[in-house]
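Here are my notes on the salt bridges. Please read them with the model open.

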Amino acid sequence: MKKALIVWGGWDGHEPEQVATIFANILRNHQFEVEVADTLEAYADAEKLMNLDLIVPVWTMGEIPQAYVDNVSAAVQNGTGLAGCHGGMCDSFRHNVDWQFMTGGQWVAHPGNDGVKYTVEIKQSSSPLIAGMEDFTVESEQYYLHVDPAVEVLATTRFPVADGPHRLNKAVDMPVVWTKRWGVGRVYYNSLGHHADIVALPQVTELMTRGLLWAAEGKQQAEALYGDQTVKQQNNYTGMGDSQ
């Protein structure tokens with residue numbers, strides 16, 4: 001049975017407890033053993049994280065000890081999956097660049113705030129994560145992010161829609177869903193999910209279900225490719241943290 005850890009907290013406006021419950025139900029329905037924690041101390045046990053198949057952060061803003069980020073990073077580098085959505089993963093710790101490097105992006109704005117109607121455009125490719133899915137419209141926050149150019153983009157949204165100082169720039173297609181690798185671990189992100197009702201939309205739930213399962217499958221595949229000992233001997237990246 002695969003093991004997952006969901007850690008929720010931070011800014012209450014993103015309804016982290018409710019979103020964590022949705023993710024826990026998805027994973028339990030797929031026969032995961034799920035632990036749900038409401039404290040960042042859940043990241044304190046490095047060995048425990050290393051033995052997980054999946055970590056799901058649902059934590060917006062706040063501060064995190066650098067040692068906890070290093071523990072999560074080491075686990076993901078060695079095959080533990082990392083998957084999340086919206087500000088719960090890519091606006092978690094604004095002052096921690098190591099977290100941003102690992103997750104693939106950082107929120108910087110949502111022009112028009114909540115209630116903007118926009119289209120999520122599925123980027124048709126060979127990825128099974130979006131196979132059979134079609135473009136859809138949501139009415140929520142439209143996330144503008146600074147994004148790692150190394151990510152594989154699976155869905156986008158066109159800016160500008162709402163007015164703002166960015167409007168006179170050329171139109172851009174902002175990533176909404178992406179994947180990346182961190183060491184041999186799989187990382188999945190979806191910028192949708194301002195409130196639990198958005199996560200519960202059929203299209204968003206389907207995207208998140210596929211992403212959670214895909215990220216969790218990385219541990220077994222890494223061990224099959226590299227062998228258990230080889231995976232655990234990978235050189236772990238430790239960033240500069242707050243020393244810059």
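1. Terms first. Buried means under 20% relative accessible area, exposed over 50%, and partly exposed in between (1.4 Å probe, protein chains only). A salt bridge here is a side-chain nitrogen of Lys or Arg within 4 Å of a carboxyl oxygen of Asp or Glu. Helices (H or I, at least four residues) and strands (E, at least two) are DSSP runs, numbered from the N terminus.

2. Basis. This is a predicted model, where local features need pLDDT of at least 70, side-chain atom pairs count only at pLDDT 80 or more, and totals for chains, interfaces and linings use all residues. Residues are numbered from 1 along each chain as its sequence is written, and side-chain values use heavy atoms, with hydrogens and water left out.

3. Arg-186 is buried, at 8% relative accessibility. Its side chain meets that of Glu-217 in a salt bridge (3.8 Å, N to O). Arg-186 sits in strand β11 (residues 185–190) and Glu-217 in the loop between α7 (202–216) and α8 (218–226), so the bridge ties together parts 31 residues apart in sequence. Glu-217 is partly exposed, at 36%.

4. The whole structure holds six salt bridges. One of them pairs Lys-180 with Asp-148, closest N and O atoms 2.9 Å apart. It links distant parts of the chain, 32 residues apart: Lys-180 is in strand β10 (172–182), Asp-148 in the loop between β8 (144–147) and β9 (152–159). Lys-180 is buried at 6% relative accessibility. Asp-148 is also buried, at 17%.

5. Glu-206 is partly exposed at 34%, and Arg-210 is partly exposed at 21%.
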